[in-house]
Amino acid sequence: MDLVWLALIGFLALLNPRLEIHKQLILLAIGLFQIFDRKLLASLPAGRRNAYIVLIKILLATVLVGHTGTPTPSASPYWLIYYVPVVSAATLFEAGGTLLWTAIASAAYCSYLIPELQEFELTPAGETELALRVLFLFLAAIIVNQFATENRRQAESYRRLAEELAVTNQRLQQAQEEVRRNERLAALGQLTAGVAHEIRNPLGVIKGSAEMLAQKISAEDALAGELAGYISSEVDRLNGIVSRFLDFARPLQLHCRRESVPALLDRALKAVSDGRKQNGVRVERNYDASLEDVPVDADLCEQVFTNLAINAYQAMGEHGGTLRISARPAHSDGRRGVEIEFADTGPGVPAELREQIFNPFFTTKREGTGLGLSIVSRIIDEHGGSIRLASEPGEGARFRIFLPAD
Ligand SMILES: Nc1ncnc2c1ncn2[C@@H]1O[C@H](COP(=O)(O)OP(=O)(O)OP(=O)(O)O)[C@@H](O)[C@H]1O
Ligand SMILES: [Mg+2]
């Protein structure tokens, strides 16, 4: 389009008066300013820039008309050049601004009448011609402005649509990730349930036998007694792991009652801190006073909070740190509920593990089963809530849970 502009300006230059150097220079200025207006005024804020663009075009048009009219500037056939600033204003401003700038362009054109009327007289035919020219300027301005406004409105609605699409896309991706996670959970769950169930019975027999052995022979043979004790305690540990597997695999039966989240949190935190000697961990609680009770299964929720607290204690290790727990009213996907956050000052979760930590059997601990977070996530899902890792890599882990209130 820039080339077309220059070609049009070139044609205008070829027309009479051809030897008027000022006319040619002004035409060149009009052509160049039309192409580079935004770049030339780029340093100005948008509102002022648009006003300057139109103003400069009106000035250039007025100078061109002044150099091309014979016997007077207002008789110049180049008066149509005023369409350039008028159409620019119509595309850059709303209706009010367009009318104002068209009035200014018309006034600039008519201003030549002031000196001219001292020498010439305005005939009725001349008056009509002048009025027609001005009215056509307004007509063109209004039509272009209508188109431009409609265009802007559509561009705005497309922009909003694109934004909504981006958000929906992101949600879709999250949902797909969740579905993949749930599929993996389901398959592994069935397998685990079968294996764990089968292991439980022989374990019972081994433990019973070991205890009997211990009773029978400990009096005669201390070493055998000690070994039988090991068998029994290791069977207990195995039983614990199997129970965890079964917790994970068993279909959940929710017995929901309206419960106070802070009370559940406190119970879980007490159980976790009572069960460990490590006291370098400071627990900070921040419960919103306006929290309402939410319908949850108290035992399962306590299990969720216990798992998250144990993970945090383990992550902070011997050195200790601070575990911040907060609960506040929140909204998610248009539902009311409670948002609970567990934030620790441990090493956090590296970026490459974020996707995996909720998978069953994923663990970075020597003695871990990797089932804690998958049980947590399953319980929260069953409650219609959500859990996500809200921290960035490089900071302590921050898990955010949402539990719906109805
Ligand atoms: N607070 C945390 N800080 C850093 N990493 C964490 C935190 N919580 C969980 N993780 C990471 O997520 C992994 C999975 O946690 P999850 O609770 O599912 O299993 P686990 O704690 O390893 O074993 P289990 O809970 O079954 O004893 C952990 O091994 C650890 O790498
Ligand atoms: Mg764990």
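This is a predicted model: local features need pLDDT of at least 70, side-chain atom pairs count only at pLDDT 80 or more; totals for chains, interfaces and linings use all residues.
**View 1. Asp333, an exposed residue in a loop.** With 9 C-beta neighbours inside 10 Å, Asp333 counts as exposed. Look for Asp333 in the loop between S4 and S5. Those labels come from DSSP runs numbered from the N terminus: helices are H or I runs of at least four residues, and strands are E runs of at least two. The phi of Asp333 is near 50°, a positive value in a residue other than glycine. For background, most residues other than glycine have a negative phi. Residues are numbered from 1 along each chain as its sequence is written, and chains are lettered from A and ligands numbered from 1 in the order in which they are written.

**View 2. Phe361, another positive phi.** Phe361 sits in the loop between S5 and H11, and its phi is near 70°, again positive in a residue other than glycine. Is Phe361 buried or partly exposed? Phe361 has 14 C-beta neighbours inside 10 Å, so it counts as partly exposed.

**View 3. The whole protein, for orientation.** The protein has 11 helices and 7 strands. An automatic or database domain assignment sets the domain bounds, giving domain 1 (2-122), domain 2 (179-249) and domain 3 (257-404). Between the centres of domain 1 and domain 3, taken over C-alpha atoms, there are 69 Å. The C-alpha atoms fill a box of roughly 140 × 40 × 40 Å along the principal axes. The radius of gyration is 40 Å, whereas a compact globule of 406 residues would have one near 22 Å. That radius is taken over C-alpha atoms, and the globule rule is 2.2 Å times the number of residues to the power 0.38. Of the 406 residues, 24% count as buried.

**View 4. The largest nonpolar core.** This core has 43 residues, and Val304, Phe305, Leu308, Ala309 and Val376 are those with the most contacts inside it. A nonpolar core, by the way, is a set of buried Ala, Val, Leu, Ile, Met, Phe, Trp, Tyr and Cys residues joined through C-beta atoms within 7 Å. Which element gives the largest share of this core? That's H10, with 9 residues. Domain 2 (179-249) and domain 3 (257-404) both give residues to this core, so it lies between them. A second, separate core of 24 residues includes Leu60, Val65, Val87 and Leu137.

**View 5. Phe305 and Glu302, zooming in.** Leaving out residues up to four places away in sequence, Phe305 touches Leu264, Leu265 and Ala268. Touching here means being in contact: the C-beta atoms, placed from the backbone, lie within 7 Å. Glu302 is partly exposed, because 18 other C-beta atoms lie within 10 Å. Glu302 and Arg244 are 58 residues apart along the chain, and 15 Å separate their C-alpha atoms.

**View 6. Helix H11, mostly covered.** How many of the 11 residues of H11 are buried? The count is 9, and among them are Gly372, Leu373, Ile375 and Val376. The cover over the buried residues of H11 includes helix H7 (124-217), H8, H10, strand S6 (386-389) and S7. After H11 comes Gly384, with a positive phi near 80°.

**View 7. The surroundings of ligand 1.** Ligand 1 is surrounded by 21 residues, and the closest are Ala315, Thr363, Gly368, Gly372 and Leu373. To count as near, a residue needs its C-beta atom, placed from the backbone, within 6 Å of the molecule. H10 gives the most to this shell, with 4 residues. Sorted by class, the shell has 8 nonpolar, 11 polar and 2 charged residues. In that sorting, Ala, Val, Leu, Ile, Met, Phe, Trp, Tyr, Cys and Pro count as nonpolar, Asp, Glu, Lys and Arg as charged, and the others, Gly among them, as polar.

Note on methods. A residue is buried if 20 or more other C-beta atoms lie within 10 Å of its own, exposed if 12 or fewer, and partly exposed in between; C-beta atoms are placed from the backbone. Two residues are in contact if their C-beta atoms, placed from the backbone, lie within 7 Å.
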